[in-house]
Amino acid sequence: MAIRSEDVLDTTKDNKEVKTNEKERDYSQYFQSTYAPPSLKDAKKRGKEQVQILKDFSIPENLKNIGVGKKFYIRTYGCQMNEHDTEVMAGILNEMGYETTYSTDDADVILLNTCAIRENAENKVFGELGHLKHTKANNPNLLLGVCGCMSQEESVVNRILSTYPQVDMIFGTHNIHRLPQIIENALFSKEMVVEVWSKEGDIVENLPRKRKGNVKGWVNIMYGCDKFCTYCIVPYTRGKERSRYPQDIIEEVRQLAREGYKEVTLLGQNVNAYGKDFEDLEYGLGDLMDEIRKIDIPRLRFTTSHPRDFDDRLIEVLAKGGNIVDHVHLPVQHGNSDVLKLMARKYTREHYLELVSKIKAAMPNVALTTDIIVGFPNETEEQFQETLSLVKEVQYDAAYTFIYSPREGTPAAKMQDNVPMEVKRERLQRLNAMLNDISLEKNKAYVGKVVEVLVEGESKKNPDVLTGHTGSNKVVNFKAPKHLIGEIVKVQITDAKTWNLGGEWVEEKSEVVG
Ligand code: SAM
Ligand code: SF4
């Protein structure tokens with residue numbers, strides 16, 4: 001690590017200076033816990049200790065108004081988990097008196113909520129830190145923070161400490177509930193405040209949230225991941241799998257229903273492992289979905305699924321339909337069983353295809369989407385061909401495709417790799433071309449049909465056009481009055497493109513699909 005215990009003592013020295021300026025209060029406590037470096041080795045441990053469920057979060061009295069008259073800006077990178085963490089941080093900052101701004105120029109606090117999943121995601125953040133150097137120079141009182149998955153990595157923290165002195169605070173995914181104290185420390189410290197617990201994780205139940213909009217709500221059902229796929233950094237940055245109790249989740253969904261939300265997405269890195277960590281309860285995702293579907297919320301989604309843990313009980317509940325949408329995101333990662341084994345995905349091509357058949361039988365209108373990695377170390381052309389043939393067989397509606405990116409500390413990063421980058425790029429292009437053809441064909445089948453669309457807002461390209469999603473997660477653009485934003489409306493599809501559908505708003509009752 002780049003900082004040593006002396007540096008911590010230096011911070012205490014600053015504290016003395018603060019104490020002389022602010023005689024009434026003893027600030028020494030704030031500087032005792034500011035240094036906690038991350039450790040990938042510790043993050044790997046999966047202990048037997050009980051996960052703590054904390055319900056006593058509150059903003060300390062003296063910090064409740066610390067942000068009054070000030071503004072915060074949070075930039076979020078990566079997955080929905082990060083987006084939802086941003087909602088929590090915004091909720092905490094609001095309760096401290098801070099208001100939102102959409103510009104870094106007038107912000108008093110800027111947080112970069114980062115993603116560590118691939119190298120280019122990390123490079124974007126380092127680039128942004130470079131730009132923000134000028135913002136900080138123009139406003140020395142600005143507090144600049146880095147949080148999210150990148151801050152759980154030792155190498156990232158070291159790099160920030162040595163190269164980006166404009167950063168005031170680094171805190172990890174397990175430290176979000178400590179944001180008030182971290183901000184307070186940063187306000188009074190001249191040193192960079194680093195607080196990153198490499199622990200397996202707790203569950204903090206009563207955190208405030210400032211949700212993005214009032215139509216679609218995310219609800220965490222579990223945190224962390226114990227799958228340790230050999231390419232993936234998430235189990236190290238997010239801690240062990242820990243499920244929230246059903247009653248806490250159900251209460252949160254009921255609250256969203258009372259507030260008029262139209263769609264709820266249950267969130268977790270591997271939602272199919274939900275409940276496996278309960279010692280006192282035999283309860284899984286199927287049971288949870290079966291209860292939540294009875295709540296008066298028009299649309300219910302869940303993400304992300306792992307094929308290994310996708311069980312028959314869940315399929316039986318999905319078959320009940322109703323408010324459960326016709327969409328399953330089922331990451332396959334690769335079409336060849338040997339590569340899947342090297343990835344430690346713990347299923348074979350055959351098992352995956354069998355699962356797809358069961359889901360299609362239970363949900364005849366299901367739209368399937370997936371994640372695929374190309375160019376895993378030593379992937380042969382024949383193995384890649386098996387990814388293509390699997391894609392052809394499953395007929396995905398859409399897919400997120402990635403070139404494998406080595407992540408320090410993961411087993412795959414130590415593997416020799418004989419596949420040149422040009423070959424990986426060319427494979428990605430071939431895969432995307434096939435996926436796009438299939439998407440277009442699938443979208444064309446919607447032309448002439450009437451679908452239900454949850455209207456989310458104006459199209460970014462044309463404010464006269466509204467945009468939204470079908471239950472099967474297709475983007476639909478159409479002209480209609482703006483007061484429909486936030487409603488579920490019927491649209492007749494007139495036009496199909498690879499990425500979206502175009503249509504006309506219809507008021508009359510018709511047969512509805514999707
Ligand atoms: N938990 C989910 C799962 O198992 O599918 C998703 C986790 S991750 C946030 C989203 C996707 O990023 C993964 O499904 C995988 O395709 C991709 N990914 C993860 N690590 C990667 C790596 N080292 N290189 C390239 N893609 C990666
Ligand atoms: Fe990463 Fe695998 Fe866990 Fe998904 S299941 S988060 S890919 S380790």
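A: What follows goes through the annotated residues and then the shell around one ligand. This is a predicted model, in which local features need pLDDT of at least 70 and side-chain atom pairs count only at pLDDT 80 or more, while totals for chains, interfaces and linings use all residues. Residues are numbered from 1 along each chain as its sequence is written, ligands are numbered from 1 in the order in which they are written, and side-chain values use heavy atoms, with hydrogens and water left out.

An unreviewed UniProt entry places the feature "binding site" at C225, C229 and C232, and such annotations may be inferred rather than shown by experiment. C225 sits in the loop between β11 (222-223) and α7 (234-238), and C229 lies in that loop between β11 and α7 too; helices (H or I, at least four residues) and strands (E, at least two) are DSSP runs, numbered from the N terminus.

C225 counts as buried because its relative accessibility is 9%, where buried means under 20% relative accessible area, found with a 1.4 Å probe and protein chains only. C229, at 7% relative accessibility, likewise counts as buried. Leaving aside neighbours within four places in sequence, C225 is in contact (heavy atoms within 4.5 Å) with residues including R46, V234 and Q269, whereas C229, with residues up to four places away not counted, touches M343, A344 and R345.

Around ligand 2, meaning with a heavy atom within 4 Å of it, are C225, C229 and C232, among others such as H306 and R345. By class, this shell has 7 nonpolar, 2 polar and 2 charged residues, with Cys counted as nonpolar, Arg as charged and Gly as polar.

Methods
Buried < 20%, exposed > 50% of the residue type's maximum accessible area, 1.4 Å probe, protein only.
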